[in-house]
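Visitor: I am new to this structure. Could you take me through it with some questions and answers?

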Amino acid sequence: MHLALFIFFAVLCVAGALNLLLQRHPINSALSLIVVMSSLAVLYLLLGAEFLAAAQVIVYSGAIMVLFTFVIMLLNAGKEEPTHGSKLAYIAGFPGAAALLGLLAFIFISRREAFGQARLGDYIATTGDLSQVLFTKLLLPFEVTSVLILIAILGAVALARKEH
Amino acid sequence: MDTSLIPFLLFNLAKVIVVVVLFLMCVAYTVLLERKLVGRIQNRWGPSRVGPFGLLQPLVDGAKLFLKEDLTPEAVYRPLYILAPMIALGCSLLSISVIPFGADIRWHGMQFFQISDNNIGLLILLGITSVGVYGIALSGWSSNNKYSLLGALRASAQVISYELALGLSLVGIVIRSGSLRLRDIVGVQAPHGLLSWNFFGGFQFVAFFIYLMAAYAETNRSPFDLPEAESELTAGYHTEYSSMKFAMFFMAEYGNMITVGCVATLLFFGGWTSPFGSYFHFGTGPIATAFFSLFWFVAKVFGFLFLYVWVRGTLPRFRYDQLMGFGWKFLVPVAVANIVVTSFCIGLWMPVQ
């Protein structure tokens, strides 16, 4: 059951990503990206990371992609004209991406034990477990990240402010 | 495993069908309730011709919407034009799936009054609300109409802004109950009735009013109904929709109203528990428990629906800059202050487990 769902949503995720690249209209691409994000959320859920799945839907499919579509709608962006990309991308693009993917897959498979107990099936990491780790072992990175985001917000405000 | 899978699936399917049918009936009668009440507020009768007291009006309205011609304007972007009302109604129906309607009564381990009981019910509700905005945004954009687009842009901006206040207002409750599961959140409010509800005993009344205002804005209801302000934008994002497609937006809006009422009941007013708590028992045994828990839940949700209509009949619409200022400069800071105060109080006076 878990495996069937995993395969289904993994295929949906990849199909969404391909559709994102092939569509000419920006709003269709944005919607494909939403499909990718949501299927990723289901994959997280299947691996037992329930809080991460919910956060993925709320933050990525909900907030960030709404902003994307909002901007596309506001600018009323039309269809993209196909351009002749660089020669280098045509020649090295596919092998490069394949090599990178292979490398990542090799590292993940050879260092399996670093993932701990996470696996497909009945394993569930509750929100309590997650916050325990986040506020004890990983407290410093967590707080530093939040400060980083705060700085980004302040930067956006400073850039958007009108000069008097 | 296989022997128990089939009854499990059948039971859940039956549950889903019953809940969806009842939910849509409630939606139809909420529309009637609104028309009657707004009529009374404006000193007129409201619908009174079809059936006794106009009670059959929803049926006639439904038949009318079904039989109307389904126009699709030439200039629309068809796939999204058709998809948009489905997203809106789908999200509205989905959110009811995590809501517990009554006490935890089981038959062979299967729950009666909740479709899906999971650890992250509250987060699922927030996630569905945040996805629901696509229905409105895409309908406005794909209609290829200036009024629709303006309505959709207003709706997206409004929902994104108020989602923040809405999410923050719920943190105090999560801190108090220590769980994101809706049944646990209600369980914390059960023992002393009124005194242990989050609104009174949990001192979350500030959070409640923030939640209420943000939720009104999220459902695009008056006084935050700028996306469909008829005096400025004809009908806003659903200007180009007719027949059942329009009805789907309509049902989605009223469905969201009911969901907000349910969530407010669960989070702040003790859900299906009675206001007398353990001091006064109405009867024991599974049937009495089921009946009274459903009774209290429905009564509380009805109160919220009444409040919705009352507010609509009373308050004028916000101006756009007032709307944004109110959301960002008032609700969000107050919500943050509420989190700080609540966590201080709980940290100081509650024992650490």
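**Helices and contacts**

Guide: This is a predicted model. In it, α11(B) has 30 residues and reaches 42 Å from its first C-alpha to its last, close to the 44 Å expected at 1.5 Å a residue.

Visitor: At which residue does α11(B) bend?

Guide: The span of α11(B) is close to the expected one. There is still a bend in α11(B), of about 30 degrees, and its position is B:Phe326.

Visitor: Which helices do the buried residues of α11(B) pack against?

Guide: The buried residues of α11(B) include B:Leu323, B:Gly327 and B:Thr342. Their partners in chain B are α5 (146–177) and α7.

Visitor: At what angle do α7 and α11 of chain B pack?

Guide: Helix α7 covers residues 205–218 and helix α11 covers residues 320–349, both in chain B. Their axes are 10 Å apart, and the crossing is left-handed. The packing angle is about 145 degrees.

Visitor: How many charged residues are in the contact of α7(B) with α11(B)?

Guide: On the α7(B) side the contact residues include B:Val206, B:Ile210 and B:Met213, and on the α11(B) side they include B:Leu331, B:Val334 and B:Asn338. By class, nine are nonpolar and two are polar. The number of charged residues is none.

Visitor: Is B:Tyr134 buried or exposed?

Guide: B:Tyr134 lies in helix α4 (residues 121–142) of chain B. A residue counts as buried if 20 or more other C-beta atoms lie within 10 Å of its own. B:Tyr134 has 23 other C-beta atoms within 10 Å, so it is buried.

Visitor: How far apart in space are B:Tyr134 and B:Ile87?

Guide: In sequence, B:Tyr134 and B:Ile87 are 47 residues apart. In space, C-alpha to C-alpha, the distance between them is 7.1 Å.

Visitor: Which helix gives the most to the side of chain A that touches chain B?

Guide: In the contact between the chains, 16 residues of chain A meet 17 residues of chain B. By class, the chain A side has ten nonpolar, five polar and one charged residues. With 13 residues, the helix that gives the most to that side is α3 (residues 50–75) of chain A.

Visitor: Which residue follows α3(A)?

Guide: The residue after α3(A) has a positive phi, near 50 degrees. That residue is A:Asn76.

How values were computed: Residues numbered from 1 in each chain as written. Chains lettered and ligands numbered in written order. Predicted model: local features only at pLDDT ≥ 70, side-chain atom pairs only at ≥ 80, totals over all residues. Axes fitted to C-alpha atoms, helices over the stretch in contact; angles between N-to-C directions. Helix = DSSP H or I, 4+ residues; strand = E, 2+ residues; numbered from the N terminus. Left-handed = near helix turned anticlockwise from the far one by under 90°. Contact = placed C-beta atoms within 7 Å. Nonpolar A, V, L, I, M, F, W, Y, C, P; charged D, E, K, R; others polar. Buried ≥ 20, exposed ≤ 12 C-beta atoms within 10 Å, placed from the backbone. Expected span 1.5 Å × (residues − 1). Bend = angle between axes of the 7 residues up to and from the residue.
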